[in-house]
Amino acid sequence: MSNKQGKMINWRMRVILNDSRHMTGQMLAFDKHMNLVLADTEEFRRVKRRQTKPAAAPGGKPTVQVVETDEKRTLGLIIVRGAQIVSVSAESPPPADPSARLGKSAPGGIASTLTAGPGVAKPAGRGAPPPSLAGPAAGVGGGAMPPGFPNFPGSSVFTRGGPPPGYPGTWPPPGAPPGGAPGFNPPPRR
């Protein structure tokens, strides 16, 4: 990489945002919009709080003071939008052993203190829809009824335009309202 930003990959960086927050983390990636991916990120911000002190004398008014405190929060792996960044500066060079930040390293650079979790791999993104969006649930919407389910006139199988398989006689049955159940009459209007 010939650009200066590319040489700063894996360095510990301090990022100042336009809302006066400071983020410190290891820069893993960036793009042309200056979006940054930071690992092991900590957020520092200045918070103003009002404190009410009781009155010194009985019957006097309590005093109100505005106190500024610095708060630190651990965020971990984050993406910082480039439009929010005011400045970026280097804090320290990358570690000699990349796995050192994860704990003791075993031969091969794999952290020995970490164990596998109960995670499950599932497709995500554009490839496969989540199960809730994959279509209607079984028995809802249309198509065939589940095995052993009685076919009642007016069910979704009968409203698709043709008679169900093996239906004797003419379709629709004489006197049936279109798309409805034979013999069903709605209540009279009042």
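1. A nonpolar core is taken here as a set of buried Ala, Val, Leu, Ile, Met, Phe, Trp, Tyr and Cys residues joined through side-chain atoms within 4.5 Å, where buried means under 20% relative accessible area. The model is a predicted one, and the largest such core in it has 11 residues, namely M8, M13, V15, L17, M23, M27, L36, L38, I78, V80 and I85.

2. Strands β1 (12-17), β2 (22-30), β3 and β4 (63-80) each supply at least two residues of this core, and the largest share, three residues, comes from β1. In soluble globular proteins, nonpolar side chains tend to be buried together.

3. M23, one of the residues of that core, deserves a look for its contacts: leaving aside residues up to four places away in sequence, M23 touches M13, R14, V15, L17, L38, T41, E42, E43, L75 and I78.

4. Is R46 buried or exposed? R46 lies in strand β3, which spans residues 36-53, and R46 counts as exposed because its relative accessibility is 54%, the cut-off for exposed being over 50%.

5. Which residues does R46 touch, if those up to four places away in sequence are not counted? They are E68, T69 and D70; the side chain of R46 makes polar contacts with the side chain of E68 at 3.3 Å and with that of D70 at 3.0 Å.

Methods
Residues are numbered from 1 along each chain as its sequence is written. This is a predicted model: local features need pLDDT of at least 70, side-chain atom pairs count only at pLDDT 80 or more; totals for chains, interfaces and linings use all residues. Side-chain values use heavy atoms; hydrogens and water are left out. Helices (H or I, at least four residues) and strands (E, at least two) are DSSP runs, numbered from the N terminus. Buried means under 20% relative accessible area, exposed over 50%, partly exposed in between (1.4 Å probe, protein chains only). Contact means heavy atoms within 4.5 Å. A polar contact is a pair of N or O atoms within 3.5 Å; within protein, one must be able to donate a hydrogen and the other to accept it, and residues adjacent in sequence count only if both atoms are side-chain atoms.
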